[in-house]
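Open the model in your viewer and keep the selection tool at hand. This tour tells you what to select next and what is there.

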Amino acid sequence: MTTRTELDFRLLQDALGPLRDREQVAARLLESSLKHSFDPETELDWAAPLEDGKWFWPPELVSLYDTPMWRRMSEEQRMDLARHEAASLASLGIWFEIILMQLLVRHIYDNSPTSDHVRYALTEIADECRHSMMFARMIQKGGAPAYPVPRIYHNLARILKTVSTTPGSFAATLLGEEILDWMQRLTFPDERVQTLVRGVTRIHVVEEARHVRYAREELRRQMVTAPRWEQEFTRLSCGEAARVFSTCFVNPAVYDNVGLDRREAVAQVKASGHRREVMQSGARRLTDFLDDIGVLRGPGRRLWKSSGLLA
């Protein structure tokens, strides 16, 4: 006999097709977590010395790559900038993951604690705890400082964590995960890069693939079932999150710390066609998905364009 709940679920679909059963998705992700999870404390050789002549980040992904300033820099200075930018990105990743963990806790607060959906959310929170500690240890090992986001955005995130709707939370989650994931997929197989950094990015890529799947499936469901006001609020909040994310992606203090003129460096990054292509390429898979499910509409789309992440 078909229950009303089963019938209602079968009717749920969006532009990408029918939605998948939430519990079945979570069960598959839990199975994958059992097979492919890592403890960075034991998986990575933190005691090994850093390797001379190796980068902390692929040069093509460094913000100033192929700018006039880059061409004037020595190879040593370029590698030093890559080291500081890796620390900046790891710091940004920690900030995002701490926000994400709080949003996930809010999401499951009213759900059944015995469901696979909640079990997987708790599994993901455990993953993110390990990732944040891993990123912090990588920063320390590299010898660069941690780079906090500007105070205004640090405090705006307090508001986000309080007022964010469920679809807004998952949209922000994908923003924080997918662009860095694209860059890390280019990093971990790159033999020019420090072995430790490659190991960190490999772990993150494997485990974040599950997090992205969970967030995508839930965001699709939320955009179909949420009231119209919540959908519109999600479009606006997601666009504003994209603007903040692109602003905070590389802390300008990295240029000071490698002896560059901050104002000139920031101006050249903004004018760089290569950098614009890198950022838009990193965001393309996400923006295509958000466009398909109706998030990139109206004023929110204009905010995405102003962020530089959407062509």
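**Stop 1: helix α9**

Start with α9, which is mostly covered: 23 of its 31 residues are buried. Buried means under 20% relative accessible area, exposed means over 50%, and partly exposed lies in between (1.4 Å probe, protein chains only). Helices here are DSSP runs (H or I, at least four residues), numbered from the N terminus.

Before going on, note that this is a predicted model, in which local features need pLDDT of at least 70, side-chain atom pairs count only at pLDDT 80 or more, and totals for chains, interfaces and linings use all residues. Residues are numbered from 1 along each chain as its sequence is written, and side-chain values use heavy atoms, with hydrogens and water left out.

Select residues 195–225 to see the whole of α9. At 1.5 Å a residue, its 31 residues should span 45 Å, and the end C-alpha atoms are 45 Å apart, which agrees. The expected span is 1.5 Å times one less than the number of residues.

Now centre on Glu208. A kink of about 30° in α9 is centred there. The bend at a residue is the angle between axes fitted to the seven residues ending there and the seven starting there.

Stay in α9 and pick Glu217. Is Glu217 buried or exposed? Glu217 counts as buried, at 11% relative accessibility. Leaving aside neighbours within four places in sequence, Glu217 is in contact with Arg20 and Val25. Contact means heavy atoms within 4.5 Å. Pro113 is 104 residues from Glu217 in sequence, and their C-alpha atoms are 19 Å apart.

**Stop 2: α5 and the core**

Which residues touch the most other members of the largest nonpolar core? Select Leu64, Phe249 and Trp304: they do, in a core of 90 residues. Helix α5 (residues 75–108) gives the most to this core, with 17 residues. A nonpolar core is a set of buried Ala, Val, Leu, Ile, Met, Phe, Trp, Tyr and Cys residues joined through side-chain atoms within 4.5 Å. In soluble globular proteins, nonpolar side chains tend to be buried together.

Zoom in on Phe249. Not counting residues up to four places away in sequence, Phe249 touches Ser88, Leu89, Leu92, Ile179, Leu180, Met183, Arg275 and Met279.

Bring the rest back: 25 of the 34 residues of α5 are buried, so α5 is largely enclosed by the rest of the structure.

**Stop 3: α10 beside α14**

Select helix α10 (residues 228–248) together with α14. Their axes come within 7 Å and cross at roughly 10°. Axes are lines fitted to C-alpha atoms, for helices over the stretch in contact, and angles run from 0 to 180 degrees between N-to-C directions. α10 and α14 are therefore roughly parallel to each other. Angles under 35 degrees count as roughly parallel.

Show the side chains where the two helices meet. On the α10 side, the residues include Arg235, Leu236 and Glu240. On the α14 side, they include Pro299, Leu303 and Trp304.

**Stop 4: Gln280 and Ala311**

Pick Gln280 in helix α13 (residues 273–292). Gln280 is buried, with a relative accessible area of 13%. Beyond its neighbours within four places in sequence, Gln280 is in contact with Gly308, Leu309, Leu310 and Ala311.

Move on to Ala311, in the segment after α14 (298–307). Ala311 is exposed, with a relative accessible area of 67%. Apart from neighbours within four places in sequence, Ala311 is in contact with Gln280 and Lys305. Select Arg284 too: 27 residues separate it from Ala311 in sequence, and 9.1 Å in space, C-alpha to C-alpha.

**Stop 5: two positive phi values**

Most residues other than glycine have a negative phi, and most peptide bonds are trans. Select Asp66, in the loop between α3 (40–43) and α4 (68–72). The phi of Asp66 is near 65°, a positive value in a residue other than glycine. Asp66 is partly exposed, with a relative accessible area of 45%.

Last, select helix α6 (residues 116–142). Which residue follows α6? Gly143 does, and its phi is positive, near 85°.

Key. Parallel < 35°, antiparallel > 145°, perpendicular 65-115°, else oblique.
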